[in-house]
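Subject: The two-chain model

Hi,

Here is the structure I promised to pass on. Have a look first, and my notes follow below.

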Amino acid sequence: MTGQSEVPSGGMVGSDRPLISCDSIHKSYGSFEVLRGISTSVRSGEVVCIVGPSGGGKSTFLRTLNGLEGIQSGSITVNGLRLPGNRKVLREIRREVGMVFQSFNLFGHMSVRDNITLAPITARGLSREEANERAERLLERVGIRDQVDKYPGQLSGGQQQRVAIARALAMEPLAMLFDEPTSALDPEMIKEVLDAIRELARTGMTMIIVTHEMSFAREIADRILFFADGLLQVDATPEPFFGCPTNERLRAFLSKLL
Amino acid sequence: MDFDLHVIENGIPLLMKGLITTIWVCGASLGIGTVLGSVACLSKLYGNRQQRLLANAYVNLFRTVPELVVIFWVYSCLPLFLNVRLSAPICGLVAMSLYAGAYLAEIFRAGILAVPRGQTEAGLALGIPTLHIWTAIIIPPALRRMAPALMGFLTELIKVSALLSTIAVGDLFYEASLIAAETFRYVEMISVVAVIYFIMIFPLSMIARYKERRLRAEIGH
Ligand SMILES: Nc1ncnc2c1ncn2[C@@H]1O[C@H](COP(=O)(O)OP(=O)(O)O)[C@@H](O)[C@H]1O
Ligand SMILES: [Mg+2]
């Protein structure tokens, strides 16, 4: 399983060229600095989990990567495209980077099929037939092929989140961002969503996952980032991350979880 | 009291003509008002400082000044400012459109704001072009939300159109009052006009109420 390869000195997963890299990004809301200089990079095929206390800037960081939030200084490069950039660059990046939200954000007035085919048709120029075929294939992959003609409101939370994953995958992105994909789910539905993400990891998808599921992060991540107070406090492979954290904040955070 | 049906019968051609004018003015001002309202609404939501200021001034002005005053102002003052001659129906149409635009702007705005931000964000995150974010993601649910208010406004618009008779636009009420003045059969003519307005407006308000109930059930669910 790619997601669990042994982890010393880095560089064994995917290529060496970073797919996503951030250079000292700063982001403020008014006078409140949410991100205080974040630098990191993610290589193609890597699975990176982000954990940390609520309010630490995890969501904000994730949303700067596809330009849903602008940044005040620093820069982000995604597959050679640079942010901050113009609208064209923004759209280009968003086509290459899928995002899955905590609250699913499915289009409630559209069938599951239309939810998935809208972007491939309007943003990639696929024909309706091609998009349809792709939608059905992806739904099969996340195990809900039979729900294609339902509306989001008729599905369980776990099913909705799997539709959201299929919707993002339908753009055939180079990377996927997940913002607490299981936090809004009832416990019995968490596994089906995590399984879908595990399956993605097996196929070598580049992923950045904000999560509170520590055992999942430990199992799936090549690297784990710890965010607190708008800073990237720790960037480590799972072994040292959970084993012997030297960072005071991380130690406090982990001990509170137990 | 004798109720002379003959007067009504003889008045049918003129009443029809008036009815058509009423429907035409309402339809046209709804159309122009939709354009004005969309511009004002988008300016308020996404405009820069000046655009927001201008849109706010427009909306507040026409939602505050009585419709009758607006109609008379457009009829008697606007031509002086523009230094042109405007026919009564054109003045009526302009006044009604300005009025409709101001109200529709607020209805549109409420409808758009009722669509959760996450819907737009999901569209943006997928790289969907702006045009399709509007036509496929924002407008359909916004329209559903505002359907009751839109129907309600349409009933108001039809009622307000009767005021156009004061500047001699040949609408339904104007034609009826002309016949009444000529024949001295006020009871018949004004009654029949009341019935015609009722027949036009009542179904609309029923639809509005039905949509309102359905929406409540949907949202509450
Ligand atoms: N739109 C916003 N306006 C103002 N403050 C915000 C906004 N979004 C997030 N914040 C603040 O930024 C901080 C980081 O938030 P967030 O990135 O959501 O943290 P996390 O995802 O780690 O819980 C929080 O203190 C939050 O209140
Ligand atoms: Mg968050």
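Between chain A and chain B the count is one salt bridge, a term used here for a side-chain nitrogen of Lys or Arg within 4 Å of a carboxyl oxygen of Asp or Glu. R63(A) and E121(B) form a salt bridge, with their closest N and O atoms 2.6 Å apart.

Please keep in mind that this is a predicted model, where local features need pLDDT of at least 70 and side-chain atom pairs count only at pLDDT 80 or more, while totals for chains, interfaces and linings use all residues. Residues are numbered from 1 along each chain as its sequence is written, chains are lettered from A in the order in which they are written, and side-chain values use heavy atoms, leaving out hydrogens and water.

Now the interface as a whole. On chain A, 23 residues are in contact with 17 residues of chain B (contact means heavy atoms within 4.5 Å). The area buried between the two chains is about 1,600 Å², and carbon and sulfur atoms give 64% of that; buried area is the accessible area (1.4 Å probe) that two parts lose on being put together, summed over both. Of the area that chain A buries against chain B, F107(A), H109(A) and T122(A) supply 30%, more than any other three residues.

By class, the side of chain A that touches chain B has 12 nonpolar, five polar and six charged residues. Here Ala, Val, Leu, Ile, Met, Phe, Trp, Tyr, Cys and Pro count as nonpolar, Asp, Glu, Lys and Arg as charged, and the others, Gly among them, as polar.

Best wishes
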